[in-house]
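Please read the following report alongside the sequence and the model.

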Amino acid sequence: MDIFLTSLAGQLQPMVLLTMVVSVVIGMIVGAIPGLTVSIAVALAVPVAIFLPTDYALVMLASLYAAGVYGGSVSAILLNAPGTPASAATAIDGHQMARQGLAKKALNIALLASAFGSMFSILLLVTFAPLLAKFALRFGPVEMAGLLLFTFTIVGTVSGSSMIKGLFSAALGILLATIGSDPMIGVPRFTFGNTSLLDGLTYIPLLVGLFAIAEVLKMAGEGFPRQSHDVELGSENKARNRLTGSDMKAISMPMVRGSIIGSFVGLMPGIGSTISAFLAYADIKRSAGSTSKVGSGDIRAVAACESSNNATGGATFIPTLALGIPGDAVTAIILGALVMLGVQPGPLLFVTNPGIVYTVYIVLFLSTVMMVIVGLVATRALVYVLRVPNLYLMPIVALTCAAGSFVVRNNVLDTFVMLGAGVMAFVFGRVGVPVAPLLISFIVTPPFEEAVRQSLAYSHGSFSIFVTNWFSLIAILLSAIVVVLVALAQRRRVIPA
Amino acid sequence: MRNLIAKIGLAAAVALAPMSAFADWKPERPINIIVGFSAGGGTDATARLIASSAQEFFEVPLVVVNRPGASGTLAAEIVAGSEPDGLTLLVAGGSESTSVPNHLKTNYSLDQLRGVIRVNREHMVIVTKAGSGLKSAEDIVAAAKENPGGLTFGSSGPASILHSAFLVFAKQAGIEMTHVPFQGGAPALAALLGGHIDMTILTPGDAKAQSEAGNVNLIATTSDRAPQLPDLASLSELGYDVNVENMKGLVVQADTPDEVVQYLHDKFKAAMESETFESLAGRANIQPAYLNGADFDAAMQNMSKAIKEALSE
């Protein structure tokens, strides 16, 4: 307890708090810019952070991380251009709300849900970290293959109205995901001898193209229409944008469910917050029933997605701190920074350096609180972005997208990937093919292929390994049941028509 | 006649011009230090360490440029195909130099790069799961001989230096094991602790932390003894002729003239002897290991040769 209080006192210094505010603001801005992601912000902060005292460095990195994920949802809601991949699911309902003049409400719900998700996972981290980390270790390649198969089927239910068009989109995503080095032996696939393609199509530029560039092209095709919705904050609008008690009641369960899904995904290596947000979206869509507004501006969908992706962010600290195994790219960078600060992360961190562990807890907690404060202030100003005429706003979006795509690897090829994806998504929009299945299958395919082929490596090529393992057997059976149920539901919908 | 002498003089001047230009060669434009990995990783740390401590010895800016992609081979390809003007340096000595070109077709070879200086080295430690019954290198060899291909080793990716180190060990011990690649070292460690693979390779720092927590058995280092783990024997001490490790240093395009390489070497060597370097290296947990350009080249060639032999069955 003494160590805890010392750590807490250390964080409540004016300079530390100032570092926190600045980092939260920068994190939000970077997160909001399509193409610039949290990992870039954290990576760029490391060279600065290693010259700071440990407390300041941790505050800086954790605040950037917490705020960046929320920042991504700002542009997702306002511009339908998710700033980070994790916010792609938020854009579906969040942007619809903005179009209905509920931008401020959507932003506030996203902020609340983000904070709730973060707090939920921090609580898990503080209370059950060693236990949960041990549990996560039991998921080897075979279990992961089953889990990812199930994920595939669940998020497949987000395919939109037409199953054929959804499947087409998903299949294209799988095809695009196979570009690059084979995960087992490293032979290039579909790279045409271009070394820049060995890592596959980089996913930030792809995402930015699919959403932001497609939106810009759509607007351009319509001659940059004036904002159709009224963003004048009149008294009536103010009332509509106010969060009521019944709103809070409506979003409380989706936030809890989203946080549980998000935390579970965060424990598993290699799935990530984009998928957790889509899983939460699929879950809310199913549980809300067929009469719900999910897909056309439902507050519950925004709440579920945002709590889920933020919970994933917090939960990745569980294996990071309890085992010394980073849960994702950002925590890997933070671990690297800890090493440079003279702290050797590992399973004994709790014993050898409890101060650091408590500092991380407190920093994560305080930066979430700070994010809410800064966010509430910023929301008032941010909605005015919608008053900027599209004729000026959209070219700026296109420019930041191009720059952001380039910055990921300092590679011009990625800018072309972004353009290509943008044109493709624009055409898809015209012919009514949904883009989300493509993105989802593009993200799930590589870890799924890796897990399946790792499993086959130690079964020496025998597929029986997937049915003799009880977890993967259950996952296969559940997936089959979901597919059958969805197919039956589709038939019922088709026959009476 | 005067005309002829003038002509000879001119010809001589032309012929000597490049020589004299190189003799007191000095960079006149910024020097780019290319890193094949993202900002925030180990290779990036080496680059920023050497760049920030060497800056005071150079009149032109030293710019660290991250060109991540394809396990560092994208950056290696860029430098191998660059102008031999000494203005484009690569942080090399790891997978992209000694390992990948032996496994896969790359658009460059180690011969197209020329060492300037070796900055640091990183030992690699083979570990198994605690309580697995594999407590020593002999245990591993015995188990593998009993059941060829039955033991699995995890690496940070196909063709990585971790993959190669296991292949060289297997070749030297005359055993056969199954490779299970992961996307990086962290998931491989998670798979080891979960009991899904039999062994993997860690840095000495990670190995020490996991071993003190009772999670892993330390088997051996793959080069010589690591300063962080002075009691752990190396594979070569145990009778397996293995010398594979991660090195980091600066290289340039192979056709870069001697004078240019010498100039760069001298400046960076002075940087390595500076106090800034010493304090930053200590802070970043980087183990300095100076070698001159020619010796660095020889070290990389030796490792590459051993890996190539292990791959040719």
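In chain A, the residues A:Trp470, A:Ile474, A:Leu478, A:Ile481, A:Val484, A:Leu485 and A:Leu488 make a nonpolar surface patch of about 680 Å². Patches are made of residues with over 30% relative accessible area and no salt bridge, with like charges joined within 9 Å and nonpolar side chains (Val, Leu, Ile, Met, Phe, Trp, Tyr) within 5 Å; the areas come from the Shrake-Rupley method with a 1.4 Å probe, and for residues only the protein chains shown count as cover. One of these residues, A:Leu485, sits in helix α22 (residues 470-494) of chain A, and A:Leu485 counts as exposed because its relative accessibility is 52% (buried means under 20% relative accessible area, exposed over 50%, partly exposed in between, with a 1.4 Å probe and protein chains only).

This is a predicted model, in which local features need pLDDT of at least 70 and side-chain atom pairs count only at pLDDT 80 or more, while totals for chains, interfaces and linings use all residues. Residues are numbered from 1 along each chain as its sequence is written, chains are lettered from A and ligands numbered from 1 in the order in which they are written, and side-chain values use heavy atoms, leaving out hydrogens and water.

## Salt bridges

A salt bridge is a side-chain nitrogen of Lys or Arg within 4 Å of a carboxyl oxygen of Asp or Glu, and by this rule there are 18 salt bridges over all chains. One of them joins the side chains of A:Asp247 and A:Lys105 at 2.9 Å, N to O, and this pair links distant parts of the chain, with A:Asp247 in helix α11 (residues 245-267) and A:Lys105 in helix α6, 142 residues apart. (Helices, H or I of at least four residues, and strands, E of at least two, are DSSP runs numbered from the N terminus.) A:Asp247 counts as buried because its relative accessibility is 11%, and A:Lys105 is buried, with a relative accessible area of 10%.

In another salt bridge, the side chains of A:Arg286 and A:Asp283 meet at 3.7 Å, N to O. Both residues lie in helix α12 (residues 273-287) of chain A, three residues apart, about one turn of the helix; A:Arg286 is exposed, with a relative accessible area of 60%, whereas A:Asp283 is buried, with a relative accessible area of 14%.
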